[in-house]
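Morning, everyone. I'd like to walk you through some ring contacts and a surface patch. Here is the model.

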Amino acid sequence: MIAYMFEIFINILENGIIVDFLNRYFGFKYDKPKRYIFTLIVFLALLLQISLFNYYTPLSSVGTYVAVAILFLYSNFCLNGQCVIQFFISVFIMTAVTLIASGTILLFSNILGSDACNMITTFGPIRIIAVLFTKIVLFYLTRILLRLKEGAKLELSEILPLIIIPLISLLGITFIMDATYLYPAIQTIVLDAVLIIFAVNLVEYYLFVHISKENKAKIGHALLRQQYDSLRDNMEAIHVIYQEIRAERHDMKNHLLSLVVLIQQHECLKSQHYIEQLLQQDKVSFQILQTGNDVLDAVLGLKLATCRKESIKVQLNLQDALNFIEPTEISALFANIMDNAIDACRQSAEKRIELTIVPQQSYVAVTIRNSIKYSVLSANPTLTTTKPLKAEHGFGIRNIQRIVKKYNGLIDYYESENYFCLDILLENMQSKNESIHSRNKVL
(Lines give C-alpha, C1' and ligand atoms only; values in the text may rest on other atoms or scores of the structure.)
Protein backbone atom coordinates (compact mmCIF):
# COMPACT_ATOMS: atom_id res chain seq x y z
CA MET A 1 0.00 0.00 0.00
CA ILE A 2 2.83 2.38 0.89
CA ALA A 3 4.61 1.55 -2.35
CA TYR A 4 1.42 2.21 -4.32
CA MET A 5 0.83 5.56 -2.59
CA PHE A 6 4.46 6.55 -3.19
CA GLU A 7 4.15 5.77 -6.91
CA ILE A 8 0.97 7.87 -7.11
CA PHE A 9 2.74 10.75 -5.36
CA ILE A 10 5.71 10.52 -7.74
CA ASN A 11 3.41 10.47 -10.77
CA ILE A 12 1.60 13.57 -9.51
CA LEU A 13 4.90 15.33 -8.78
CA GLU A 14 6.38 14.52 -12.19
CA ASN A 15 3.26 15.53 -14.11
CA GLY A 16 2.99 18.71 -12.06
CA ILE A 17 6.57 19.69 -12.95
CA ILE A 18 6.01 18.97 -16.66
CA VAL A 19 2.66 20.77 -16.96
CA ASP A 20 3.89 23.74 -14.92
CA PHE A 21 6.93 23.96 -17.21
CA LEU A 22 4.78 24.07 -20.35
CA ASN A 23 2.42 26.65 -18.83
CA ARG A 24 5.31 28.93 -17.91
CA TYR A 25 7.16 28.37 -21.18
CA PHE A 26 4.30 29.24 -23.53
CA GLY A 27 1.70 31.05 -21.43
CA PHE A 28 -2.07 30.55 -21.53
CA LYS A 29 -4.39 31.49 -24.35
CA TYR A 30 -7.31 31.67 -21.94
CA ASP A 31 -8.12 33.48 -18.72
CA LYS A 32 -9.37 31.93 -15.50
CA PRO A 33 -11.19 29.61 -14.92
CA LYS A 34 -10.53 27.95 -18.31
CA ARG A 35 -6.80 27.68 -17.64
CA TYR A 36 -7.44 25.70 -14.45
CA ILE A 37 -9.93 23.40 -16.19
CA PHE A 38 -7.57 22.64 -19.09
CA THR A 39 -4.60 22.16 -16.76
CA LEU A 40 -6.61 19.66 -14.72
CA ILE A 41 -7.68 17.80 -17.87
CA VAL A 42 -4.11 17.37 -19.19
CA PHE A 43 -2.92 16.46 -15.70
CA LEU A 44 -5.51 13.67 -15.45
CA ALA A 45 -4.75 12.55 -19.02
CA LEU A 46 -1.08 12.11 -18.13
CA LEU A 47 -1.98 10.15 -14.99
CA LEU A 48 -4.27 7.92 -17.04
CA GLN A 49 -1.50 7.39 -19.59
CA ILE A 50 0.89 6.23 -16.84
CA SER A 51 -1.72 3.87 -15.40
CA LEU A 52 -2.43 2.33 -18.81
CA PHE A 53 1.25 1.69 -19.52
CA ASN A 54 3.07 -0.28 -16.85
CA TYR A 55 4.91 2.19 -14.66
CA TYR A 56 7.57 -0.35 -13.85
CA THR A 57 8.76 -0.26 -17.45
CA PRO A 58 8.87 3.56 -17.73
CA LEU A 59 11.31 3.49 -20.59
CA SER A 60 8.80 1.91 -22.95
CA SER A 61 8.75 4.19 -25.99
CA VAL A 62 5.00 3.72 -26.61
CA GLY A 63 3.95 5.29 -23.32
CA THR A 64 6.43 8.12 -23.75
CA TYR A 65 5.23 8.89 -27.26
CA VAL A 66 1.64 8.94 -26.02
CA ALA A 67 2.72 11.46 -23.36
CA VAL A 68 4.39 13.56 -26.08
CA ALA A 69 1.14 13.56 -28.06
CA ILE A 70 -0.87 14.62 -24.98
CA LEU A 71 1.53 17.47 -24.18
CA PHE A 72 1.60 18.68 -27.79
CA LEU A 73 -2.21 18.69 -28.11
CA TYR A 74 -2.50 20.54 -24.81
CA SER A 75 0.10 23.13 -25.86
CA ASN A 76 -1.46 23.60 -29.28
CA PHE A 77 -5.04 24.10 -28.08
CA CYS A 78 -4.53 25.81 -24.73
CA LEU A 79 -1.19 27.62 -24.80
CA ASN A 80 0.41 30.37 -26.87
CA GLY A 81 3.32 29.79 -29.19
CA GLN A 82 4.29 28.41 -32.56
CA CYS A 83 3.07 24.92 -33.42
CA VAL A 84 6.47 23.48 -34.40
CA ILE A 85 8.12 24.86 -31.26
CA GLN A 86 5.33 23.41 -29.12
CA PHE A 87 5.99 20.00 -30.66
CA PHE A 88 9.75 20.34 -30.19
CA ILE A 89 9.42 21.31 -26.52
CA SER A 90 6.92 18.47 -25.89
CA VAL A 91 9.36 15.95 -27.39
CA PHE A 92 12.36 17.47 -25.64
CA ILE A 93 10.85 17.54 -22.13
CA MET A 94 9.70 13.90 -22.36
CA THR A 95 13.14 12.93 -23.68
CA ALA A 96 14.68 14.74 -20.71
CA VAL A 97 12.33 12.92 -18.31
CA THR A 98 13.29 9.55 -19.81
CA LEU A 99 17.02 10.27 -19.85
CA ILE A 100 17.06 11.58 -16.28
CA ALA A 101 15.06 8.57 -15.03
CA SER A 102 17.22 6.00 -16.82
CA GLY A 103 20.45 7.80 -15.96
CA THR A 104 19.55 7.98 -12.26
CA ILE A 105 18.62 4.29 -12.15
CA LEU A 106 21.91 3.30 -13.80
CA LEU A 107 23.96 5.68 -11.66
CA PHE A 108 22.56 4.38 -8.37
CA SER A 109 22.81 0.78 -9.60
CA ASN A 110 26.47 1.19 -10.48
CA ILE A 111 27.31 2.96 -7.22
CA LEU A 112 25.56 0.30 -5.12
CA GLY A 113 26.58 -2.63 -7.33
CA SER A 114 22.97 -3.74 -7.78
CA ASP A 115 20.80 -4.70 -10.76
CA ALA A 116 18.96 -1.85 -12.53
CA CYS A 117 15.90 -4.04 -13.01
CA ASN A 118 15.76 -4.73 -9.25
CA MET A 119 16.16 -1.01 -8.59
CA ILE A 120 12.96 -0.38 -10.54
CA THR A 121 10.84 -3.25 -9.27
CA THR A 122 11.93 -3.33 -5.61
CA PHE A 123 10.45 -0.72 -3.29
CA GLY A 124 12.78 0.47 -0.57
CA PRO A 125 14.80 3.42 0.77
CA ILE A 126 17.23 3.35 -2.15
CA ARG A 127 14.43 3.50 -4.70
CA ILE A 128 12.74 6.34 -2.81
CA ILE A 129 15.99 8.35 -2.75
CA ALA A 130 16.71 7.64 -6.42
CA VAL A 131 13.22 8.62 -7.58
CA LEU A 132 13.17 11.81 -5.49
CA PHE A 133 16.62 12.68 -6.84
CA THR A 134 15.24 12.22 -10.37
CA LYS A 135 12.39 14.69 -9.77
CA ILE A 136 14.72 17.25 -8.17
CA VAL A 137 16.99 17.09 -11.23
CA LEU A 138 13.96 17.39 -13.52
CA PHE A 139 12.66 20.41 -11.59
CA TYR A 140 15.95 22.31 -11.76
CA LEU A 141 16.41 21.40 -15.42
CA THR A 142 13.00 22.92 -16.26
CA ARG A 143 13.94 26.11 -14.37
CA ILE A 144 17.15 26.37 -16.40
CA LEU A 145 15.23 25.84 -19.64
CA LEU A 146 12.79 28.61 -18.68
CA ARG A 147 15.68 31.02 -18.05
CA LEU A 148 17.14 30.25 -21.49
CA LYS A 149 13.81 30.61 -23.27
CA GLU A 150 13.61 32.76 -26.40
CA GLY A 151 10.32 33.86 -27.93
CA ALA A 152 11.32 34.03 -31.60
CA LYS A 153 9.47 32.13 -34.30
CA LEU A 154 11.33 29.53 -36.36
CA GLU A 155 10.78 28.09 -39.79
CA LEU A 156 9.99 24.38 -40.09
CA SER A 157 13.25 23.81 -41.97
CA GLU A 158 15.17 25.33 -39.04
CA ILE A 159 13.59 23.29 -36.26
CA LEU A 160 12.92 19.97 -38.02
CA PRO A 161 16.52 18.69 -37.61
CA LEU A 162 16.34 19.64 -33.92
CA ILE A 163 13.14 17.62 -33.44
CA ILE A 164 14.70 14.50 -34.94
CA ILE A 165 17.46 14.30 -32.30
CA PRO A 166 15.22 13.86 -29.20
CA LEU A 167 12.89 11.52 -31.13
CA ILE A 168 15.82 9.26 -32.01
CA SER A 169 17.08 9.58 -28.43
CA LEU A 170 13.76 8.26 -27.09
CA LEU A 171 13.94 5.26 -29.38
CA GLY A 172 17.63 4.67 -28.63
CA ILE A 173 17.22 4.82 -24.85
CA THR A 174 14.45 2.24 -25.07
CA PHE A 175 16.70 -0.21 -26.91
CA ILE A 176 19.74 0.24 -24.68
CA MET A 177 17.68 -0.04 -21.47
CA ASP A 178 16.06 -3.22 -22.77
CA ALA A 179 19.58 -4.52 -23.34
CA THR A 180 20.46 -3.58 -19.76
CA TYR A 181 17.57 -5.65 -18.38
CA LEU A 182 18.73 -8.63 -20.43
CA TYR A 183 22.46 -8.18 -19.76
CA PRO A 184 23.02 -6.46 -16.37
CA ALA A 185 26.78 -6.69 -16.82
CA ILE A 186 26.75 -3.87 -19.38
CA GLN A 187 25.21 -1.33 -16.95
CA THR A 188 28.37 0.77 -16.77
CA ILE A 189 28.66 1.00 -20.56
CA VAL A 190 24.96 1.84 -20.84
CA LEU A 191 25.33 4.59 -18.21
CA ASP A 192 28.07 6.17 -20.32
CA ALA A 193 25.81 5.94 -23.38
CA VAL A 194 22.92 7.56 -21.52
CA LEU A 195 25.14 10.40 -20.33
CA ILE A 196 26.39 10.97 -23.88
CA ILE A 197 22.84 11.02 -25.25
CA PHE A 198 21.83 13.42 -22.49
CA ALA A 199 24.78 15.70 -23.35
CA VAL A 200 23.87 15.58 -27.05
CA ASN A 201 20.32 16.68 -26.24
CA LEU A 202 21.58 19.53 -24.05
CA VAL A 203 23.82 20.71 -26.88
CA GLU A 204 20.89 20.38 -29.23
CA TYR A 205 18.76 22.58 -26.94
CA TYR A 206 21.60 25.12 -26.85
CA LEU A 207 21.50 25.19 -30.67
CA PHE A 208 17.74 25.71 -30.52
CA VAL A 209 18.20 28.71 -28.18
CA HIS A 210 21.02 30.08 -30.35
CA ILE A 211 18.95 29.80 -33.54
CA SER A 212 16.00 31.42 -31.75
CA LYS A 213 18.18 34.36 -30.64
CA GLU A 214 19.49 34.85 -34.16
CA ASN A 215 16.00 34.67 -35.60
CA LYS A 216 14.73 37.12 -32.98
CA ALA A 217 17.50 39.57 -33.85
CA LYS A 218 16.75 39.10 -37.56
CA ILE A 219 13.05 39.81 -37.03
CA GLY A 220 13.88 42.83 -34.86
CA HIS A 221 16.13 44.19 -37.59
CA ALA A 222 13.43 43.60 -40.21
CA LEU A 223 10.84 45.39 -38.06
CA LEU A 224 13.15 48.38 -37.66
CA ARG A 225 13.84 48.34 -41.40
CA GLN A 226 10.13 48.31 -42.12
CA GLN A 227 9.62 51.20 -39.70
CA TYR A 228 12.48 53.11 -41.33
CA ASP A 229 11.02 52.52 -44.81
CA SER A 230 7.67 53.81 -43.58
CA LEU A 231 9.25 56.95 -42.13
CA ARG A 232 11.27 57.47 -45.33
CA ASP A 233 8.15 57.18 -47.49
CA ASN A 234 6.38 59.66 -45.22
CA MET A 235 9.27 62.11 -45.54
CA GLU A 236 9.19 61.84 -49.32
CA ALA A 237 5.45 62.41 -49.36
CA ILE A 238 5.82 65.39 -47.01
CA HIS A 239 8.35 66.86 -49.42
CA VAL A 240 5.85 66.53 -52.27
CA ILE A 241 3.18 68.20 -50.15
CA TYR A 242 5.59 71.02 -49.29
CA GLN A 243 6.22 71.63 -52.98
CA GLU A 244 2.47 71.68 -53.61
CA ILE A 245 1.99 74.22 -50.82
CA ARG A 246 4.71 76.43 -52.31
CA ALA A 247 3.10 76.22 -55.76
CA GLU A 248 -0.34 76.94 -54.29
CA ARG A 249 1.06 79.94 -52.39
CA HIS A 250 2.62 81.29 -55.59
CA ASP A 251 -0.65 80.85 -57.51
CA MET A 252 -2.63 82.46 -54.70
CA LYS A 253 -0.46 85.56 -54.90
CA ASN A 254 -1.28 85.89 -58.61
CA HIS A 255 -4.98 85.33 -57.93
CA LEU A 256 -5.04 88.06 -55.29
CA LEU A 257 -3.31 90.49 -57.66
CA SER A 258 -5.93 89.73 -60.29
CA LEU A 259 -8.71 90.33 -57.76
CA VAL A 260 -7.16 93.65 -56.73
CA VAL A 261 -7.27 94.82 -60.38
CA LEU A 262 -10.92 93.74 -60.78
CA ILE A 263 -11.92 95.46 -57.56
CA GLN A 264 -10.11 98.66 -58.58
CA GLN A 265 -12.09 98.56 -61.84
CA HIS A 266 -15.32 98.10 -59.83
CA GLU A 267 -15.95 94.77 -61.57
CA CYS A 268 -17.94 93.30 -58.67
CA LEU A 269 -19.63 90.52 -60.65
CA LYS A 270 -16.38 89.45 -62.28
CA SER A 271 -14.67 89.50 -58.88
CA GLN A 272 -17.42 87.36 -57.39
CA HIS A 273 -17.28 84.91 -60.29
CA TYR A 274 -13.46 84.75 -59.99
CA ILE A 275 -13.68 83.96 -56.26
CA GLU A 276 -16.31 81.26 -56.90
CA GLN A 277 -13.99 79.64 -59.42
CA LEU A 278 -11.13 79.66 -56.91
CA LEU A 279 -13.33 78.02 -54.27
CA GLN A 280 -14.30 75.28 -56.70
CA GLN A 281 -10.68 74.52 -57.52
CA ASP A 282 -8.93 72.02 -55.29
CA LYS A 283 -5.39 71.60 -56.51
CA VAL A 284 -3.89 70.42 -53.24
CA SER A 285 -3.85 66.60 -53.04
CA PHE A 286 -3.84 66.38 -49.26
CA GLN A 287 -6.20 67.09 -46.40
CA ILE A 288 -5.02 69.08 -43.41
CA LEU A 289 -6.11 67.51 -40.12
CA GLN A 290 -6.00 69.06 -36.66
CA THR A 291 -6.23 66.24 -34.13
CA GLY A 292 -3.77 67.83 -31.71
CA ASN A 293 -0.98 65.43 -32.67
CA ASP A 294 1.25 66.69 -35.50
CA VAL A 295 2.61 63.24 -36.36
CA LEU A 296 -0.86 61.69 -36.48
CA ASP A 297 -2.04 64.60 -38.66
CA ALA A 298 0.89 64.14 -41.05
CA VAL A 299 0.58 60.35 -41.39
CA LEU A 300 -3.19 60.39 -41.88
CA GLY A 301 -2.92 63.37 -44.22
CA LEU A 302 -0.53 61.45 -46.43
CA LYS A 303 -2.72 58.35 -46.47
CA LEU A 304 -5.81 60.44 -47.21
CA ALA A 305 -3.97 61.90 -50.20
CA THR A 306 -3.37 58.37 -51.46
CA CYS A 307 -7.03 57.51 -50.91
CA ARG A 308 -8.06 60.55 -52.90
CA LYS A 309 -5.89 59.50 -55.83
CA GLU A 310 -7.29 55.96 -55.63
CA SER A 311 -10.91 57.26 -55.39
CA ILE A 312 -11.33 55.67 -51.97
CA LYS A 313 -13.93 57.29 -49.73
CA VAL A 314 -12.74 57.84 -46.15
CA GLN A 315 -14.86 58.52 -43.08
CA LEU A 316 -13.01 59.78 -39.99
CA ASN A 317 -14.09 60.02 -36.36
CA LEU A 318 -11.00 61.27 -34.48
CA GLN A 319 -11.76 62.08 -30.84
CA ASP A 320 -8.32 61.41 -29.34
CA ALA A 321 -4.87 62.64 -30.40
CA LEU A 322 -2.98 59.61 -28.98
CA ASN A 323 -0.32 61.90 -27.49
CA PHE A 324 0.72 59.14 -25.07
CA ILE A 325 2.19 57.10 -27.95
CA GLU A 326 5.74 57.69 -29.21
CA PRO A 327 5.84 59.62 -32.54
CA THR A 328 7.72 56.84 -34.37
CA GLU A 329 5.14 54.32 -33.15
CA ILE A 330 2.27 56.57 -34.27
CA SER A 331 3.83 56.64 -37.72
CA ALA A 332 4.43 52.87 -37.85
CA LEU A 333 0.98 51.98 -36.45
CA PHE A 334 -1.17 54.14 -38.71
CA ALA A 335 1.01 53.80 -41.79
CA ASN A 336 0.62 50.01 -41.56
CA ILE A 337 -3.10 49.85 -40.82
CA MET A 338 -3.91 52.46 -43.49
CA ASP A 339 -1.64 50.82 -46.10
CA ASN A 340 -3.31 47.44 -45.49
CA ALA A 341 -6.76 49.03 -45.75
CA ILE A 342 -5.86 50.88 -48.96
CA ASP A 343 -4.43 47.71 -50.56
CA ALA A 344 -7.66 45.84 -49.82
CA CYS A 345 -9.85 48.71 -51.06
CA ARG A 346 -8.08 48.84 -54.43
CA GLN A 347 -9.62 45.47 -55.30
CA SER A 348 -13.09 46.11 -53.84
CA ALA A 349 -16.05 47.65 -55.63
CA GLU A 350 -17.17 50.04 -52.86
CA LYS A 351 -13.70 51.44 -52.02
CA ARG A 352 -14.44 52.74 -48.53
CA ILE A 353 -12.44 53.13 -45.28
CA GLU A 354 -13.80 54.10 -41.86
CA LEU A 355 -11.33 55.10 -39.14
CA THR A 356 -12.39 55.77 -35.56
CA ILE A 357 -10.25 56.85 -32.61
CA VAL A 358 -12.27 57.28 -29.42
CA PRO A 359 -11.28 57.35 -25.72
CA GLN A 360 -12.74 54.72 -23.38
CA GLN A 361 -11.90 55.61 -19.77
CA SER A 362 -8.15 54.89 -19.40
CA TYR A 363 -7.99 53.29 -22.86
CA VAL A 364 -8.28 54.47 -26.45
CA ALA A 365 -10.09 52.38 -29.05
CA VAL A 366 -8.82 52.46 -32.62
CA THR A 367 -11.12 50.85 -35.17
CA ILE A 368 -10.60 50.67 -38.91
CA ARG A 369 -13.06 49.13 -41.36
CA ASN A 370 -12.31 48.74 -45.05
CA SER A 371 -14.28 47.25 -47.90
CA ILE A 372 -13.00 43.97 -49.35
CA LYS A 373 -13.57 42.10 -52.60
CA TYR A 374 -13.59 38.68 -50.94
CA SER A 375 -13.04 37.18 -47.49
CA VAL A 376 -9.47 37.82 -46.39
CA LEU A 377 -9.59 35.61 -43.30
CA SER A 378 -10.94 32.60 -45.18
CA ALA A 379 -7.99 32.63 -47.56
CA ASN A 380 -5.37 33.92 -45.12
CA PRO A 381 -6.48 33.51 -41.46
CA THR A 382 -3.03 34.35 -40.04
CA LEU A 383 -2.70 37.47 -42.25
CA THR A 384 0.60 36.24 -43.68
CA THR A 385 2.05 38.50 -46.35
CA THR A 386 1.03 37.62 -49.91
CA LYS A 387 3.89 39.56 -51.48
CA PRO A 388 6.46 37.55 -53.46
CA LEU A 389 9.51 38.32 -51.29
CA LYS A 390 8.21 37.03 -47.98
CA ALA A 391 11.58 37.46 -46.24
CA GLU A 392 11.40 41.21 -46.88
CA HIS A 393 7.70 41.70 -46.18
CA GLY A 394 5.08 40.59 -43.68
CA PHE A 395 6.30 42.72 -40.79
CA GLY A 396 3.42 45.20 -40.85
CA ILE A 397 1.12 43.10 -38.67
CA ARG A 398 4.07 42.25 -36.38
CA ASN A 399 4.82 45.95 -35.93
CA ILE A 400 1.18 46.57 -35.08
CA GLN A 401 1.20 43.69 -32.58
CA ARG A 402 4.45 44.93 -31.03
CA ILE A 403 3.06 48.44 -30.47
CA VAL A 404 -0.24 47.12 -29.11
CA LYS A 405 1.62 44.85 -26.69
CA LYS A 406 3.83 47.74 -25.50
CA TYR A 407 0.75 49.75 -24.51
CA ASN A 408 -0.91 46.82 -22.71
CA GLY A 409 -3.50 46.63 -25.44
CA LEU A 410 -5.66 44.14 -27.26
CA ILE A 411 -6.04 43.48 -30.97
CA ASP A 412 -8.83 41.71 -32.80
CA TYR A 413 -9.73 41.37 -36.47
CA TYR A 414 -12.85 39.99 -38.08
CA GLU A 415 -15.11 40.44 -41.12
CA SER A 416 -18.63 41.82 -41.30
CA GLU A 417 -20.81 42.62 -44.32
CA ASN A 418 -17.99 42.71 -46.89
CA TYR A 419 -15.79 44.73 -44.56
CA PHE A 420 -12.54 43.79 -42.88
CA CYS A 421 -12.48 45.16 -39.34
CA LEU A 422 -9.47 45.76 -37.11
CA ASP A 423 -10.12 46.67 -33.46
CA ILE A 424 -7.24 47.91 -31.30
CA LEU A 425 -7.41 48.89 -27.63
CA LEU A 426 -4.46 50.84 -26.18
CA GLU A 427 -3.93 51.76 -22.55
CA ASN A 428 -3.47 55.50 -21.98
CA MET A 429 -1.12 55.50 -18.99
CA GLN A 430 -1.11 59.31 -18.87
CA SER A 431 -4.87 59.40 -18.48
CA LYS A 432 -4.76 56.55 -15.96
CA ASN A 433 -2.11 58.28 -13.84
CA GLU A 434 -3.99 61.58 -13.96
CA SER A 435 -7.17 59.81 -12.88
CA ILE A 436 -5.38 58.16 -9.96
CA HIS A 437 -3.76 61.48 -8.99
CA SER A 438 -7.12 63.26 -9.15
CA ARG A 439 -8.73 60.56 -7.03
CA ASN A 440 -5.96 60.82 -4.44
CA LYS A 441 -6.42 64.60 -4.24
CA VAL A 442 -10.13 64.13 -3.62
CA LEU A 443 -9.40 61.63 -0.86
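Start with the rings. Ring pairs join Phe88, Phe92, Tyr205 and Phe208 into a cluster. A pair here means rings of Phe, Tyr or Trp (its six-membered ring) with centres within 6.5 Å; planes under 30 degrees apart are stacked, over 60 edge-to-face, and the rest tilted.

A word on the source. This is a predicted model, so local features need pLDDT of at least 70 and side-chain atom pairs count only at pLDDT 80 or more, while totals for chains, interfaces and linings use all residues. Residues are numbered from 1 along each chain as its sequence is written, and side-chain values use heavy atoms, with hydrogens and water left out.

How many aromatic pairs does the structure hold? There are 12. Take Phe21 and Tyr25: that pair is tilted, 5.6 Å centre to centre, with 55° between the planes. Both residues sit in helix H1 (residues 2-26), 4 residues apart, so about one helical turn separates them. Helices (H or I, at least four residues) and strands (E, at least two) are DSSP runs, numbered from the N terminus.

Are Phe21 and Tyr25 buried or exposed? Phe21 is buried, and Tyr25 is too. Buried means under 20% relative accessible area, exposed over 50%, and partly exposed in between (1.4 Å probe, protein chains only).

The charged end of Lys149 sits over the Tyr25 ring, 5.8 Å from its centre. Over a ring means NZ of Lys or CZ of Arg within 6 Å of the ring centre and within 35 degrees of the ring normal. Arg369 has its charged end over the ring of Tyr419, 4.3 Å from the centre.

Now the surface. Leu107, Ile111, Leu112, Ile126 and Phe133 make a nonpolar patch of about 440 Å². Patch residues have over 30% relative accessible area and no salt bridge; nonpolar side chains (Val, Leu, Ile, Met, Phe, Trp, Tyr) are joined within 5 Å, like charges within 9 Å. A salt bridge is a side-chain nitrogen of Lys or Arg within 4 Å of a carboxyl oxygen of Asp or Glu. Areas come from the Shrake-Rupley method with a 1.4 Å probe; for residues, only the protein chains shown count as cover.

Which helix gives the largest share of the patch? H4, with 3 residues. Helix H4 (83-112) and helix H6 (125-147) each supply at least two. Phe133 lies in H6. Phe133 is partly exposed, at 36% relative accessible area.

Last, the whole chain. The chain has 14 helices and 5 strands. Of its 443 residues, 41% are buried.
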